[in-house]
Amino acid sequence: MSSFQRDVFINKIYEHAERNKNIFFISADFGAPALDKFRTNLPDQFIHSGISEQHMIDMAAGLALDGNKVYVYAMAPFISIRCLEQIKCSLAIMNLPVTVLAVGVGLGYADAGPTHYLNEDISIMNSIVNLDISSPSDEISTNYIAQTTIDVPKLRYIRMERNNLHNVYSSDHIFNKDGYEKIHSGENICILSSGYMLHKAIDAQKLLSQEKIDVSIYDVISIKPLSDKLIKEIGKYETIVTIEEQTLNGGFGSIIVNALAKNGVSPKKIKCLGLADKYYFQNGGREFLLNENGLSAESIYKTIKTI
């Protein structure tokens with residue numbers, strides 16, 4: 001059983017914060033078991049900003065200007081869209097090394113409704129200059145990304161899952177430096193995804209293999225910057241499928257399509273799977289909503305089978 005992504009990330013930062021008094025962690029009234037240890041043992045490096053995410057971003061900017069590594073942490077919709085102007089003006093314009101930890105992306109907070117869903121953060125955050133976007137898929141990749149924020153400080157937006165996910169990678173996996181991992185090899189079709197939906201892609205691949213349809217699967221850990229090497233590599237496939245828990249306008253699929261065009265790569269077919277362009281008020285849970293949008297493993301399998 002793997003751990004929650006937020007606890008893995010916080011524990012890694014805590015390890016370094018014990019030795020580096022210039023690391024600060026700010027929470028907007030949002031907890032985690034690992035954060036309890038941080039708050040108790042390193043009280044001078046932890047700040048509770050209250051339910052005031054916009055103020056938290058400005059506070060982080062001040063700390064970063066003073067030479068500190070700063071981590072800000074809150075529920076995904078409230079630390080992203082609510083804080084968009086602060087992220088742009090206080091962090092991005094000055095290119096400050098602050099890490100924005102967004103927990104509960106996509107439909108992770110079902111059945112809390114559209115105020116708590118985050119179906120558009122990739123398209124919105126992709127438009128912010130100087131900001132990188134990372135999307136871990138399990139405990140191992142989360143730990144890797146956390147270490148990267150220590151090793152190479154810069155402005156980053158980390159999309160973390162609210163719930164626990166089983167591990168895709170082994171504990172001794174060595175990640176490449178290009179921001180993506182090929183986790184299954186096939187011939188003519190490749191699937192690109194990340195985070196929660198990567199697990200749906202893996203389940204769909206298992207169903208496809210029973211039909212003797214062998215596909216490649218790529219985990220796109222770094223959504224921004226997107227690796228040109230990845231785009232050139234997937235150019236050999238006849239069909240490219242992107243899967244995301246986002247509305248398709250400007251989302252992950254659009255980023256891939258734009259990158260293909262930029263690099264002069266023209267696959268025969270491109271299929272972008274994502275959420276409909278609407279707000280979701282229905283109850284029934286995350287899996288119900290995904291199934292309604294053709295994003296269950298079974299639905300993905302049927303779609304790819306007919307391409």
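Guide: In this predicted model, Arg39 and Asp36 both belong to helix α2 (residues 33–41), where three residues, about one turn of the helix, lie between their positions.

Visitor: How far apart are the closest N and O atoms of Arg39 and Asp36?

Guide: An α-helix has 3.6 residues a turn, so residues three or four places apart point the same way. Arg39 and Asp36 are three residues apart in α2, and the two form a salt bridge. Arg39 is partly exposed at 36% relative accessibility, and Asp36 is partly exposed with a relative accessible area of 37%. The closest N and O atoms of this pair are apart by 2.6 Å.

Visitor: By how many helical turns are Lys302 and Glu298 separated?

Guide: Lys302 and Glu298 form a salt bridge whose closest N and O atoms are 3.9 Å apart, which falls within the 4 Å cut-off for such a pair. Lys302 counts as partly exposed at 48% relative accessibility, and Glu298 counts as partly exposed at 37%. Because the two residues are four apart in helix α12, their separation amounts to about one helical turn.

Visitor: Arg82 also forms a salt bridge with Glu53; is Glu53 buried or exposed?

Guide: The closest N and O atoms of Arg82 and Glu53 are 2.8 Å apart. This pair links distant parts of the chain, with Arg82 in the loop between α4 (76–79) and α5 (84–92) and Glu53 in helix α3 (residues 53–65), 29 residues apart. Arg82 is partly exposed, with a relative accessible area of 37%. Glu53 has a relative accessible area of 5%, and since the limit is under 20%, Glu53 is buried.

Visitor: How many salt bridges are there between domain 1 and domain 2?

Guide: The chain is divided into domain 1 (5–160) and domain 2 (180–305), and a search of the whole structure finds eleven salt bridges. Between the two domains there are 16 residue pairs in polar contact, whereas the count of salt bridges between domain 1 and domain 2 is zero.

Visitor: Which three residues supply more than any other three of the area that domain 1 buries against domain 2?

Guide: The C-alpha centres of the two domains lie 26 Å apart, and 29 residues of domain 1 are in contact with 31 residues of domain 2. The area buried between them is about 2200 Å², of which carbon and sulfur atoms give 55%. Of the area that domain 1 buries against domain 2, 27% is supplied by Leu107, Asn119 and Ile122.

Visitor: Which element gives the largest share of the side of domain 1 that touches domain 2?

Guide: On that side of domain 1, α6 (121–126), β5 (132–134) and α7 (139–151) each supply at least two residues. The residues of this side divide into 14 nonpolar, ten polar and five charged. The largest share, five residues, comes from α6.

Visitor: Which residue with a positive phi follows α8?

Guide: Helix α8 (residues 195–210) has buried residues including Tyr196, Met197, Leu198, Ile202 and Leu208. The buried residues of α8 pack against the strands β7 (180–184), β8 (189–193), β9 (215–220) and β11 (239–247), and also against α11 (286–292) and α12 (297–305). After α8 comes a residue whose phi is near 65 degrees, namely Lys212.

Terms used
Residues are numbered from 1 along each chain as its sequence is written. This is a predicted model: local features need pLDDT of at least 70, side-chain atom pairs count only at pLDDT 80 or more; totals for chains, interfaces and linings use all residues. Side-chain values use heavy atoms; hydrogens and water are left out. Domain bounds come from an automatic or database domain assignment. Contact means heavy atoms within 4.5 Å. Buried area is the accessible area (1.4 Å probe) that two parts lose on being put together, summed over both. A salt bridge is a side-chain nitrogen of Lys or Arg within 4 Å of a carboxyl oxygen of Asp or Glu. A polar contact is a pair of N or O atoms within 3.5 Å; within protein, one must be able to donate a hydrogen and the other to accept it, and residues adjacent in sequence count only if both atoms are side-chain atoms. Ala, Val, Leu, Ile, Met, Phe, Trp, Tyr, Cys and Pro count as nonpolar, Asp, Glu, Lys and Arg as charged, and the others, Gly among them, as polar. Buried means under 20% relative accessible area, exposed over 50%, partly exposed in between (1.4 Å probe, protein chains only).
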